[in-house]
Each structure stands twice: as structure tokens, then as C-alpha cells.
Amino acid sequence: MRAIAAALVALFLASPVAAGTFDWPGGRKAAIVLTYDDALVSHLDVAAPQLEATGLRGTFFLNGTFAAKDIPRWRKLAQAGHELGNHSMFHPCPRAAFPMDPQFNSERYTVPGMLREIGAMNTLLTAIDGQTTRTYSVPCSISLAGGVDYTDALKASGAIAYVRTGVPSDAVVGDPAKLDPFRVPSRSFPETATADDLIAYVKDVQRAGGLGVFMFHGVGGDYLTVSSEAHQGLLRYLKAHEAEIWVAPFGAVMQRAAPR
Ligand SMILES: [Zn+2]
């Protein structure tokens, strides 16, 4: 009996934080961030209009290969309170990730070269939205340049405030205060995902009283696509629970979780 009690105490002490103790704005119990990678047209055509109609704000991580004609549309999103984040200029990834011009294989990069590229993308984004504080999402969620992790160098450079990565299947952050703000996990979903699948992740975050970050690519189009119905269903749930769940852009939520 005593052994069981001791085990329970150990379990309690090991748990990162009691549910719902993080100080989210308005006494809310959890925070959800909606992020969209790769500057896709379906973000402009589908995701953003759904967000606007629901009154929610997200983060669009742009790499520099979008069409010049769409600049006014990205600018309009920023003016409406959405965040434009940095996703590098040329989206370098390991050569095994997908077919790409060899010069954009991350194996061929150096850390200073990678930082220079991220800096150039910052400049482009500032030209679009006028902002000077920037967040970053890691292309392919692999922060290697020439085999060296550039995360600490990026942090030291001061160019970026917070970094979203991908990685773990369990991206429920129980205690945001213990987060590494340069390695914030996120959750992506397969093309078969339904609204209920997306909402189940939100409910896990609510139970933990913490933070959850969605990583979307295509929404109702493009690739790695979540259907527009699933996305809409998620937004409907978030709107219906806005008294308990804080939905805000990545930079704003991270500023609360890990103030700079
Ligand atoms: Zn990407």
C-alpha cells in the first residue's frame, strides 16, 4: 500500500504542471496557434477567408517563392492582424526530403549562409508588413545546415524571436513556461484528417491546460492538404470555445509563454 502511495506521489511530482495553471489572457485554460507553411495559394483562397469569417487570427510562414502578384493579399492579411512568419527564402531541406535543385539541399549549406538567407527573408517580410520582430518555422522541421544544427546560432543572431519546429507526434505542451522558445513543437495531420481528428488534439491541449500548435500546409488545395471542411470544423469549435481557449498568432502566444 505504501509503495503504491509512494508511486502516486512520484507520478504527481513528475507531472509537468497541474492542468490549467498557466496564466493565459482572460483566464482562459489553454492556447491554440494555427500556422500555415509554404506561402500557398490555398492559404489566401481558403484558409484565410475561413479565419476572417470566424474572427480568428493565424500565422502564415512564408518562404520567398510566392508570386509577386499576391504581395497585396499577404499584406492585407498582416493588416488584418494575422502574422507573417519567416520560413526561409528557398526552403532548403535534406536532399532525401523531396526532389529539388541541388543548390537548395541543406547538406550544401553552411550555418552563416543559412542565417544570411533567413535575414534576407526577414527583409522581404518587413517590406510587406512593416514589422521588425519575426518568428520562424524550420523548413522540413530539420534545422541542419551542412549537417550542423543552426538553431543556437540563429538565437544568438537576434534575427528571430521564436521558432516553431515539427517533430513529435505528441505536440501537447503541458507547461509552456518550460518551453524552449527556439524549439516549439507543432502537430500536423494527414490528408484523411477530419474535423473531429483536429478537434481531438485541441481537447488534449485543453486537458493539459497548455499550448498546442497546428502546422498546416494545403487547406482545401495544394499539397499535404487538410480539407476545407475539416479546417472549417476546427475553427467552428475554437470559436464556440473562445472563452476557454486563446487562439492567437504564434508570436503573440509565445510572447505570453516565454516573454523576451
Ligand atoms: Zn515548408
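Is Arg75 buried, partly exposed or exposed, and how many other C-beta atoms lie within 10 Å? Arg75 is partly exposed, with 15 other C-beta atoms within 10 Å; a residue is called buried if 20 or more other C-beta atoms, placed from the backbone, lie within 10 Å of its own, exposed if 12 or fewer, and partly exposed in between. The structure is a predicted model, in which local features require pLDDT of at least 70, side-chain atom pairs count only at pLDDT 80 or more, and totals for chains, interfaces and linings use all residues. Residues are numbered from 1 along each chain as its sequence is written.

The protein contains eight helices and 10 strands. These elements are DSSP runs numbered from the N terminus, with helices being H or I runs of at least four residues and strands being E runs of at least two. The protein has a radius of gyration of 19 Å, close to the 18 Å given by the globule rule for 260 residues, so it is as compact as a globular protein of that length. The radius is taken over C-alpha atoms, and the rule is 2.2 Å times the number of residues to the power 0.38. Along the principal axes, the C-alpha atoms fill a box of roughly 65 × 40 × 35 Å. Of the 260 residues, 40% are buried. Among contacts with a separation of 6 or more, 78% are between residues 24 or more positions apart; two residues are in contact if their C-beta atoms, placed from the backbone, lie within 7 Å.

Strand 9 (residues 211–216) has six of its six residues buried, so it is largely enclosed by the rest of the structure. In a regular strand the side chains alternate between the two faces of the sheet. In strand 9, Leu211, Val213 and Met215 are buried on one side, and Gly212, Phe214 and Phe216 are buried on the other. Strand 9 runs parallel to strand 1, to which it is joined by six bridges, and antiparallel to strand 8 (residues 172–173), to which it is joined by two. Strands are taken to pair if DSSP finds at least two bridges between them. Leu211 in strand 9 stands opposite Val173.

The largest nonpolar core holds 64 residues, of which Ile32 and Val33 touch the most other members. Such a core is a set of buried Ala, Val, Leu, Ile, Met, Phe, Trp, Tyr and Cys residues joined through C-beta atoms within 7 Å. Strand 1 gives the most to this core, with six residues. When residues up to four places away in sequence are not counted, Ile32 touches Val202, Val205, Gly212, Leu238, Ile245 and Val247.

The loop between strand 1 and helix 2 includes Asp38 and Ala39. Asp38 has a positive phi, near 85°, in a residue other than glycine. Ala39 is likewise not a glycine and has a positive phi of about 55°. Asp38 is buried, with 22 other C-beta atoms within 10 Å, and Ala39 is buried, with 20.

Helix 2 (residues 41–54) has 14 residues and should span 20 Å at 1.5 Å a residue, which agrees with the 20 Å between its end C-alpha atoms. The expected span is 1.5 Å times one less than the number of residues. Helix 2 bends by about 35° at Ala47, and the proline Pro49 follows within four residues; the bend is the angle between axes fitted to the seven residues ending at a position and the seven starting there. The buried residues in helix 2 include Ser42, His43, Val46, Ala47, Ala48 and Leu51. An α-helix has 3.6 residues a turn, so residues three or four places apart point the same way. The cover over the buried residues of helix 2 includes strand 1 (30–37), strand 2 (59–62), helix 3 (71–79), strand 9 and helix 7 (228–240). Gly55, with a positive phi near 80°, follows helix 2.

Arg75 belongs to helix 3. Leaving aside neighbours within four places in sequence, Arg75 is in contact with Ile128 and Asp129. Arg75 and Leu179 are 104 residues apart along the chain, and their C-alpha atoms are separated by 30 Å. Asp204, in helix 6 (residues 195–208), is partly exposed, with 16 other C-beta atoms within 10 Å. Asp204 lies 55 residues from Asp149 in sequence and 31 Å from Asp149 in space, C-alpha to C-alpha.
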